[in-house]
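Hi everyone, thanks for coming. I'd like to walk you through a few strands and helices, so let me put the sequence and the model up on the screen.

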Amino acid sequence: MKLTIHVPVMKIYPSLLFFSLILITLSCNTDPVKTADLILLNSTVIHVDSAKTIPGQFIAINGRNILEVGPMAEAADWKAKESRDLQGAFVMPGLWDNHVHFRGGDSLLKENQDLLPLFLAYGITTVRDAGGDITPAVLQWQQDITQGELPGPRIFSSGPKLDGDQPAWPGSIVVTSSSEVSAALDSINVIGADYVKMYDGNLSPENYYEIIRQAEERGMKTTGHMPMQANLLDAVALGLDGTEHLYYVLKACSPKADSLTALDLGYGMVTTLVDTYNAELAEKVYKTLAENEVYVTPTNYIGHILANVLDEDHSKDSLLQYVGPGIQKTYEGRVKSAERARASGNSMRSKTEGQFMSMIKPMHQAGIPLLAGSDSGAFNSYVYPGESLWGELQFMVKAGLTPAEALATSVINGPRFFDITSAYGSVAPGKRADLLILEENPLEDIDHLASMEIIIAGGAVYDQKQLDQLLKSIKNNPQ
Ligand SMILES: [Zn+2]
């Protein structure tokens, strides 16, 4: 095999000099029999599931899919329109952020859309949208991204949330009876929602259970908040697929849960739940959650940001420049509620922070599939798309997971929730070619995600130049 170097394209981008990426075409003495759009040469393939790396690999890609992965000796069998010599750089599946929101009403449509490139810039090639009030726009982006007309991560969406007759968020579908549950599931089915998101503005435990029961019959996945009056293990017995944030798991781990439920305290019971957390009971609860493959999305990073929102000065955050003024305005709400909480002596957030962190490792060890999710979106102050998922992964490691285990909560468990591991979760033939190319190995240190240089998503290759351009296009007051 002879490699003909055509263009040393990266010369002008200092951050990429390490790679010395080159465009090359393959010309072979014998006719190659297999063809691809793109071939990555000299890759070090990261296997997140086994925490192993395999150097000296080629990766052949056609459109959005990986055709073949193998030792460099076999690359000669391939002819590609474009080739890139990665010179040993690491290749792993694109990240999944399993809990994000697009919301804030029609006046913030454009600002929400502008967040899409921010996800890509941080290597997030798939997001699970956990419900909002601009569903038609989200569904349109979903389609445009799939068709390659809009740069952004692949979107899985719940569509509108299901809540009681005083929903916590605008755009939610109100369900107050079994027939309304049925109608709500019909309506989100019609729009092609990927799962059902429940919320607890004032959803009754009975209707919460009814949603799970009916969704189970229809083969629809359910996750979300739980009314604090409900019982998580009862919901699991009915077929609950996931639970967002750790309040509801925490409740199940307190022997005082029943007596606190009788007092009808809502989230007012949380500090007592922390005080009465029982490790022995927790072990049984975790075992049940694991046996029933209930996906738990901790969202500990946002918990930390919100617990400290009054004490941190975010006004100089560099990522604010990519968040539109309308969304920035929504950040005031959480600051105000933190001020109210402090004034009233409510210490729920600071009290839960350490407790929730301490639950991560035992949940993982029990076999519960954890999901990395940021909860980024309008109203969730200073939790920036992209960076916040990295933050959540760092928190998984801080809580005791290895970097590989932390990455699995994003790139493996994300697709597992949707039963699509045949297409995602590893760099292997037949999988989607949503890939990250990194200078340094993130299995050694989760902070090595910052050495990300190239992102391949939805059939497009974004190197630093393209990513810079994308970010420039969404910058406030571009210079
Ligand atoms: Zn959320």
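Let's start in strand β4, where the bridge partner of Ile-46 is Thr-53. Before I go on, a word on what you're seeing: this is a predicted model, where local features need pLDDT of at least 70, side-chain atom pairs count only at pLDDT 80 or more, and totals for chains, interfaces and linings use all residues. Residues are numbered from 1 along each chain as its sequence is written.

Two strands pair if DSSP finds at least two bridges between them.

Back to that pair. β3 and β4 (residues 52-62) run antiparallel and are joined by seven bridges. They make a hairpin with four residues between them, and in the turn Ala-51 has a positive phi of about 55 degrees.

Which other strands does β3 meet? One is β6 (residues 78-85), parallel to β3 and joined to it by seven bridges; here Lys-34 has Trp-78 as its bridge partner. Another is β7 (residues 90-93), also parallel to β3 (residues 34-47), with two bridges. There, Thr-44 is partnered with Phe-90.

β7 in turn leads us to β17 (residues 435-438): those two run antiparallel, with four bridges. Look for Val-91, standing opposite Ile-437.

Now for a separate topic, an open sheet. Three strands lie in the order β8-β9-β10, with parallel pairing. β8 (95-100) and β10 (154-157) are at the edges with a single partner strand each, so one side of each has no neighbour in the sheet. From one strand to the next, the twist averages 20 degrees. Between β8 and β9 (residues 124-129) there are four bridges, and Leu-95 has Ile-124 as its partner in β9.

Last, the helices. How do α11 and α15 pack? Helix α11 (residues 300-307) and helix α15 (residues 387-398) have axes 7 Å apart, at an angle of about 105 degrees. Axes are lines fitted to C-alpha atoms, for helices over the stretch in contact, and angles run from 0 to 180 degrees between N-to-C directions. The two helices are therefore roughly perpendicular, a label covering 65 to 115 degrees.

On the α11 side we find Asn-300, Tyr-301 and Ile-302, meeting Ser-388, Gly-391, Glu-392 and Phe-395 of α15. Contact here requires C-beta atoms, placed from the backbone, within 7 Å.

Conventions:
Parallel < 35°, antiparallel > 145°, perpendicular 65-115°, else oblique. Contact = placed C-beta atoms within 7 Å.
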